[in-house]
Structures are given as C-alpha cells and as structure tokens.
Amino acid sequence: MVDQEPSAISRRRTLGGALAGGAAFAAGGLLNGCAARSDVRRRDTADPWRQFAGCTLNFVSENTAPTSAIAADAERFTALTGIHVNIVTLELSALVQKVALDLASGQSQYQIIYADSYQVLAPYADGLVDLREPASDDSLPGDDSDLADFFPLQMDVSGRFGEGDRVLALPYDCATMIWQYRRDLFEAHHDRMADDLGFDPTPGPQRTWEEYYRIARWFNDNVDEVSYGTGHQAKQHDSLMCDFSNVLFAHGGQYFENGEHVGRFGAVDPGPSTLGSEEALAGAEFYSRLLSVADPASTTWDWTGLGAAFAAGRVAMCPNWHEFAADNERALPGKVGYTTLPSGPARSANMYGGAGIAINGNTAPNERAAAWLFLKWATSRKTQLRNLTGEVGGATPTRSSIYSTPEIRRAQQRPTGMPTMLTAPAVQQAWKPEYSGLRPKIPMWNECDTAIYTELSRMLAGDVAPHRAMRDARDHIDRIVSRGWVAAE
C-alpha cells in the first residue's frame with residue numbers, strides 16, 4: 001500500500017531538502033530509553049523467505065523513482081514472503097522530521113527508512129542497523145558477499161558514515177548530474193560551430209567549462225531553434241548548490257580540506273571551510289560569468305524547472321540529473337545526447353546525489369530480520385531489472401553486475417524501451433572517483449547548504465561580487481561547524 005502525503009512533490013524532488021537547523025541527536029544516544037514492544041513472530045518453515053509471513057512493515061521514503069517502482073511491484077514481495085509493506089512517500093524535509101522523531105522516541109513506527117546521505121545517514125548514523133549483522137545471518141537468505149555487487153562509490157557515499165566498515169544502508173537511488181544536450185543541433189551546426197570557435201564542439205569531458213561557455217554564447221548568437229545555449233538550476237535552493245558544485249570541483253575547489261574524503265565517507269568535524277581558496281574564488285567567478293549568458297529564467301528553476309525547459313526545446317544544453325532522460329526522450333525522441341560534464345583546470349566533476357535504504361535501529365530482532373528481507377528484495381538484480389521495464393520504471397540500477405547483461409547493453413542504444421539507460425555510459429564514468437562530485441557528508445550539512453545557496457543567489461543577483469559571496473559563505477559555514485553536532489533532548 002502506498003500512502004502519498006499531500007506535501008509530496010516530484011523527483012529529485014528535493015535532493016537537498018530544507019530542514020535547516022532541524023532536530024539533532026547525540027551519537028550513541030539515539031536508542032536510549034526504548035519502550036518495550038512486542039516482536040513479530042518468526043515461523044518454523046523450510047522456506048527462509050517466509051519466516052515472517054503475516055507481519056507488516058512500514059517504509060518511509062522520499063518520493064523518488066525507485067520507490068514509485070517498488071510500490072507498484074510490492075505485491076510480488078508479499079507473494080514471496082507473506083510480509084506486507086506500507087509505503088509512505090514524503091517531501092524530503094518532512095521525511096527527515098519523521099525519521100528524527102521516530103529514532104528519538106525509541107520506537108520504530110517506520111522500520112525501513114530512505115536514508116538520504118546528508119540529512120539522514122550523516123546525522124543519524126548511530127540510529128541505523130549495521131547491515132553486516134543480518135547479511136551474515138545464516139538463517140536468512142543470501143550472504144554478505146552480495147554487498148560487493150554495488151558500485152564502490154555508491155556503497156561508500158550512500159551506505160557508510162565515518163571510519164570503519166559499518167554498512168548502514170544499501171545503495172538504492174543514484175541520481176547523477178551529467179551534460180544533456182541537443183544532439184540534433186550539435187550535429188546540424190557542427191562544422192560552422194567548429195570553424196567559428198576554433199575547436200571541435202562535440203560534448204564530452206574533453207571539453208572545458210570555458211569551451212562550454214563559448215558554445216553557449218555561440219548558440220545565443222547563431223541558432224534560432226532554441227532561445228538560449230544553456231540553462232541552469234540556479235534558483236535559491238539546494239539545486240543552486242548542486243549546479244555550482246560541478247564548477248567548483250572542476251576548478252579544484254572544495255567546501256572543506258580533504259573534501260573528496262569527507263564527501264565519500266563523511267565526518268562529524270570537517271574543519272574550517274576552504275571556500276576562500278584561490279580555486280574556489282576562480283570557480284565562483286566563472287560560474288557568475290557562465291550564468292550571465294544562460295537563459296535568464298535559470299535563477300527561477302530548480303532541477304524540475306530546468307528539465308521542463310530543456311524538454312520544451314528552450315535551451316541547447318544543460319547540466320541536470322540523469323533521470324530526466326525519460327522526460328527528454330518522450331519530448332525529444334532521438335534528439336538528445338548524454339555525456340559527462342566539461343573539465344575545469346582540475347578535472348570533470350559530476351555531482352552524485354544517491355541515497356540508500358536502511359533499517360531503524362529501534363526494531364526488535366525478528367522485525368529487523370524481516371526488514372532485511374525487504375532491503376534484499378528491493379535492491380536485488382531481478383527487482384532492479386524489472387523496475388527498468390515496468391509501467392512506472394526508470395529507476396537506475398545500483399548493482400554493477402546489471403550493466404554487463406546483454407539486455408542492458410542493448411538498452412543503451414536507440415531504439416530502447418529503457419530511456420534512462422541511454423545515460424549509462426555517462427553515469428558509469430561519473431561514478432568513478434576521479435569524475436565524481438561529492439558534497440560534504442556531515443551532520444550539519446543542511447545548514448551549510450542553505451548558507452551556500454543563499455550567498456550564491458546574492459552573487460547572481462549582482463548584490464555581491466563572487467569573492468565576497470565565497471568568503472561570506474565560508475564564514476557562515478565556519479560558525480555552523482564550530483558549534484559541533486549538538487544533541488537535542
């Protein structure tokens with residue numbers, strides 16, 4: 001059963017959320033004072049999948065493509081296990097509030113949790129089950145070697161927090177920002193563009209951001225089929241931080257020292273912000289210049305608005321989440337190309353925004369095992385493949401072995417019934433550490449995120465210069481981080 005609350009909104013759908021300054025709980029203190037509760041019954045059966053038949057689990061999730069597909073397929077899980085799953089979908093900030101209250105209460109109203117890497121996994125890591133426990137339980141189907149089938153980057157970002165080997169979530173959602181462009185227009189105007197610009201304009205990581213800027217200006221001045229060369233998700237919103245971060249990282253900037261490690265594994269105390277570095281200032285200056293030639297409506301768009309503008313033929317190219325490929329292919333069949341983002345002085349960086357699914361640490365032993373069966377099923381090869389082809393499919397597989405199957409290899413070429421798989425070559429490259437863009441995985445990230453996109457918005461409005469925006473954001477972040485991760489009673 002799916003219960004979609006009225007505040008739920010659609011996709012990526014709020015990747016960063018808006019719970020600035022939300023409830024926090026001290027590490028190690030999340031599970032204190034647990035009230036007594038009865039466990040679910042464990043049956044004596046030869047079928048290990050049906051040990052908990054008759055029980056009911058609750059799954060709280062952001063409204064994402066994987067959960068839409070899982071909800072449509074949930075009766076298969078019930079038929080396999082006898083377990084019923086109620087699925088509640090929420091806008092991300094509302095989800096975070098419910099998870100925080102559930103963990104603090106010592107109860108487990110929601111046994112299964114969509115664990116956003118930054119607003120759930122990082123702040124509430126000690127309230128989640130270490131999944132190595134059920135994975136190594138011989139009485140449950142499967143074994144812990146199955147965890148190795150997930151992409152290493154996704155497992156680290158979406159499944160771990162801090163040092164050590166704990167696995168707190170299974171990779172479930174893997175949204176990634178890539179370069180989306182009107183392939184038909186690039187091909188039609190290729191020779192003239194190359195002559196005018198003095199370089200091959202074919203998109204790919206071999207292109208630089210400076211060349212991207214020049215291509216955008218060329219479309220503005222020379223092409224009637226689109227209104228502007230580029231569009232961006234530059235609304236004062238988490239989307240602006242995501243869009244800017246691709247440029248920041250490409251220029252060698254970071255939000256904190258050792259930023260790639262902090263982004264991949266997480267930290268409670270990342271140290272002082274590095275947004276005042278020369279690399280960060282160069283990234284901000286370029287981003288301001290790039291937005292000056294972009295569609296002016298960019299400052300009103302988040303990822304959804306940008307996706308709609310691109311699909312409507314308003315812009316020739318944009319950086320956006322790869323999952324918009326399905327919308328692109330419906331609106332512009334055969335006309336869109338996908339590749340990794342341009343390179344800056346340091347590298348090509350492609351923002352990764354994945355999340356995992358986790359088990360509430362307050363669950364009783366049998367209930368915990370039943371929840372593990374759902375996690376295993378929801379992220380299994382068979383389920384992920386079926387989700388790609390279902391009526392509400394489009395979720396991108398997080399198991400690496402799926403991409404080597406003949407069916408998926410064929411789906412990466414047109415014609416295809418799996419339009420999201422047209423992005424597979426680009427996103428697989430973007431999931432390599434040298435191409436990935438990772439925002440800081442810290443418990444107080446949401447407040448830092450708000451400080452960043454607030455200052456960037458002031459910069460784009462012309463209220464402050466790029467260097468001032470970066471230094472003001474740095475100072476605000478340092479004040480947030482210096483307070484530490486404070487417990488709420």
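Guide: Let us begin with contact, which means heavy atoms within 4.5 Å. The model before us is predicted. In it, Trp209, Glu210, Tyr212, Tyr213, Ala216, Arg217 and Asn220 of H8 meet Phe286, Arg289, Leu290 and Val293 of H11. Sorted by class, the residues of this contact of H8 with H11 are seven nonpolar, one polar and three charged.

Visitor: At roughly what angle do the axes of H8 and H11 cross?

Guide: The axes of helix H8 (residues 209-222) and helix H11 (residues 278-293) cross at roughly 15 degrees and come within 9 Å. Angles under 35 degrees count as roughly parallel. H8 and H11 are therefore roughly parallel to each other.

Visitor: Is the crossing of H8 and H11 left-handed or right-handed?

Guide: The crossing of H8 and H11 is left-handed.

Visitor: How do the axes of H1 and H15 cross?

Guide: Helix H1 (residues 65-81) and helix H15 (residues 381-389) have axes that come within 10 Å and cross at roughly 125 degrees. That angle makes H1 oblique to H15. Their crossing is right-handed.

Visitor: Which residues of H1 and H15 meet?

Guide: From H1, Ala69, Ile70, Asp73 and Arg76 meet Thr383, Arg386 and Asn387 from H15. This contact of H1 with H15 contains two nonpolar, two polar and three charged residues.

Visitor: How does one look for empty space inside a model?

Guide: Rolling a probe the size of a water molecule over the atoms shows where empty space is left. Here, a search of the whole structure finds two cavities of 30 Å³ or more. The largest cavity has a volume of about 80 Å³.

Visitor: Which residues line the largest cavity?

Guide: The lining consists of Pro66, Ile70, Tyr172, Ala378, Gln384, Asn387, Ala395, Thr396, Pro397 and Thr398. H1 and H15 each supply at least two residues of this lining. Ile70 and Asn387 line the largest cavity, and these residues also take part in the contact of H1 with H15. By class, the lining of the largest cavity has six nonpolar, four polar and no charged residues.

Visitor: Let us turn to the backbone. Which residues does a cis peptide bond join?

Guide: The cis peptide bond joins Arg414 and Pro415, with omega about -5 degrees. Pro415 is placed in the loop between helix H16 (406-411) and helix H17 (424-430).

Methods
Residues numbered from 1 in each chain as written. Predicted model: local features only at pLDDT ≥ 70, side-chain atom pairs only at ≥ 80, totals over all residues. Heavy atoms only, no water. Axes fitted to C-alpha atoms, helices over the stretch in contact; angles between N-to-C directions. Helix = DSSP H or I, 4+ residues; strand = E, 2+ residues; numbered from the N terminus. Parallel < 35°, antiparallel > 145°, perpendicular 65-115°, else oblique. Left-handed = near helix turned anticlockwise from the far one by under 90°. Nonpolar A, V, L, I, M, F, W, Y, C, P; charged D, E, K, R; others polar. 1 Å grid on protein atoms, 1.4 Å probe; cavity = no way out; pocket = protein on both sides within 12 Å on 5 of 7 lines; lining within 4 Å. Points joined across faces, edges and corners; volume = space filled by probe spheres on them.
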